[in-house]
Amino acid sequence: MSYLIQILGNNFYLHPSGGVFWVDKSMLLISDVHLGKVSHFRKFGAAVPRKALHKNYVLLDKIVSYFEPFQICFLGDLFHSSLNKEWELFENWVAKTPAEIILVAGNHDIIAPEKYNQLSIEIFQELLMEDFLLTHHPEEREGFFTFCGHIHPAIKLHGFGRQRLRLPCFFKTKNQMILPAFGEFTGTYALHPSPDDEVYAIVEDTVLRV
């Protein structure tokens, strides 16, 4: 179940896969998919199941089908490292996806821009859209609300006794929202909210404000 919030008069749905749908722009924001990471680790001997290769594409298909966006903006770290055999899977996914795709480059995006250009994917260092800044690294810039990624945010919750949960989350401060990592094969970094921050945790197929 998605969670609807308003920011600067615009409507955004927070989806349990980790994406954000900007209703007013029909734009889907997704960060830190890290495609190619499974193949990268398998190449160096890590015991990662081969079927994990397809999980990210299943999730991408699911959220694109759900919102039917006009545009998909990846907020960095779309591909984990250099070219590997997962690039062909990505090419096939792009070919069947009707939305326009753009990439705001992250620190892991080292594949030559020409490869993206061949798929009609434009690359930006950042995007300014009215009062919103779209970037990879967290950055609070005066006069803008930022959507970003990079951190792979999570929240630690404590229950009775020694019960503890670590959940990926959307982490919102006054002028910024950090998206959770979309990729299946990624870690998380626990953040500690201040009283003024808003945390939207992902619990199975639901987004909950905590």
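**Close-up views of a predicted protein model**

Helix 2 is followed by E68, whose phi is positive, near 50 degrees. The structure is a predicted model, in which local features need pLDDT of at least 70, side-chain atom pairs count only at pLDDT 80 or more, and totals for chains, interfaces and linings use all residues. Residues are numbered from 1 along each chain as its sequence is written, and side-chain values use heavy atoms, with hydrogens and water left out.

**View 1. The whole protein, with four helices and 16 strands.** Helices (H or I, at least four residues) and strands (E, at least two) are DSSP runs, numbered from the N terminus. Of the 210 residues, 50% are buried (under 20% relative accessible area with a 1.4 Å probe, protein chains only; exposed means over 50%, and partly exposed lies in between).

**View 2. Helix 2, residues 55–67.** The 13 residues of helix 2 reach 19 Å from the first C-alpha to the last, close to the 18 Å expected at 1.5 Å a residue (the expected span is 1.5 Å times one less than the number of residues). N56, Y57, L60, I63, V64 and F67 are buried. Seen down the axis of helix 2, these buried residues fall within an arc of 135 degrees, so they line one face of the helix (the arc is that of the directions from the helix axis to the C-beta atoms). On the other side, V58, S65 and Y66 are exposed.

View 3. N10 is buried, with a relative accessible area of 9%. The side chain of N10 makes a polar contact with the side chain of W22 at 2.9 Å (a pair of N or O atoms within 3.5 Å; within protein, one must be able to donate a hydrogen and the other to accept it, and residues adjacent in sequence count only if both atoms are side-chain atoms). A polar atom of the N10 side chain also lies 3.1 Å from the backbone oxygen of L8.

**View 4. Aromatic pairs, of which the structure holds 18.** Rings of Phe, Tyr and Trp (its six-membered ring) pair if their centres lie within 6.5 Å; planes under 30 degrees apart count as stacked, over 60 as edge-to-face and the rest as tilted. F12 and F147 form a tilted pair, 4.9 Å centre to centre with 45 degrees between the planes. This pair links distant parts of the chain, with F12 in strand 2 and F147 in strand 10, 135 residues apart. Both F12 and F147 are buried.
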